[in-house]
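Colleague: I would like to learn how to read a sheet, the helices around it and a pocket. Could you take me through them in turn?

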Amino acid sequence: MGEASALTALLASVPDGYRSAIPAGSRLRSVAVSDGAATARITPGPLSRAARAQIVFTLTQFPTVGSVDGETRETFTDLTPAAAIFVA
């Protein structure tokens, strides 16, 4: 599974017993990775901090991604228990 597939799965649905900070109906417009930095465009925006954390944790599971839109896992250490990663 690649970066775009992982984000699409994250946005598609929330497993039973979980909740997501990403608004229902959000869609991936694009994701690009260059030199370890990912850029993700999701509509509608802007996203909450918790939603951004879910995206960062999802994308940084890939060894090619160290940051997303300038944010890293360290940006969200206070949210780590709430920043669940859903990958199908």
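This is a predicted model: local features need pLDDT of at least 70, side-chain atom pairs count only at pLDDT 80 or more; totals for chains, interfaces and linings use all residues.

Colleague: In what order do the 3 strands of the open sheet lie?

Modeller: The order is β1-β2-β3, and the pairing within this open sheet is mixed. The edge strands, each of which pairs on one side only, are β1 (27-34) and β3 (67-68).

Colleague: Which strands does helix α1 touch, and how is its direction set against that of β1?

Modeller: Helix α1, made of residues 3-12, packs on the sheet and touches β1 and β2, while its direction makes about 150° with that of β1. Helix α2, residues 49-59, lies across β1, β2 and β3, and runs at about 135° to β2.

Colleague: Turning to the second largest pocket, which element gives the most to its lining?

Modeller: That element is α2, with 3 residues, although β2 and α2 each supply at least two residues of the lining. The second largest pocket has a volume of about 150 Å³, and among the residues that line it are Ala40, Ile42, Arg52, Ile55, Val56, Val68, Asp69 and Glu71.

Colleague: How many residues of each class does the lining of the second largest pocket have?

Modeller: Sorted by class, the lining of this second largest pocket has 7 nonpolar residues, 1 polar residue and 3 charged residues.

Terms used:
Residues are numbered from 1 along each chain as its sequence is written. Side-chain values use heavy atoms; hydrogens and water are left out. Two strands pair if DSSP finds at least two bridges between them. Helices (H or I, at least four residues) and strands (E, at least two) are DSSP runs, numbered from the N terminus. Contact means heavy atoms within 4.5 Å. Axes are lines fitted to C-alpha atoms, for helices over the stretch in contact, and angles run from 0 to 180 degrees between N-to-C directions. On a 1 Å grid over the protein atoms alone, a cavity is a set of points where a 1.4 Å probe fits but cannot get out, and a pocket is an open set with protein on both sides within 12 Å along at least five of seven lines; lining residues have an atom within 4 Å of a point. Grid points are joined across faces, edges and corners, and a volume is the space filled by probe spheres set on the points. Ala, Val, Leu, Ile, Met, Phe, Trp, Tyr, Cys and Pro count as nonpolar, Asp, Glu, Lys and Arg as charged, and the others, Gly among them, as polar.
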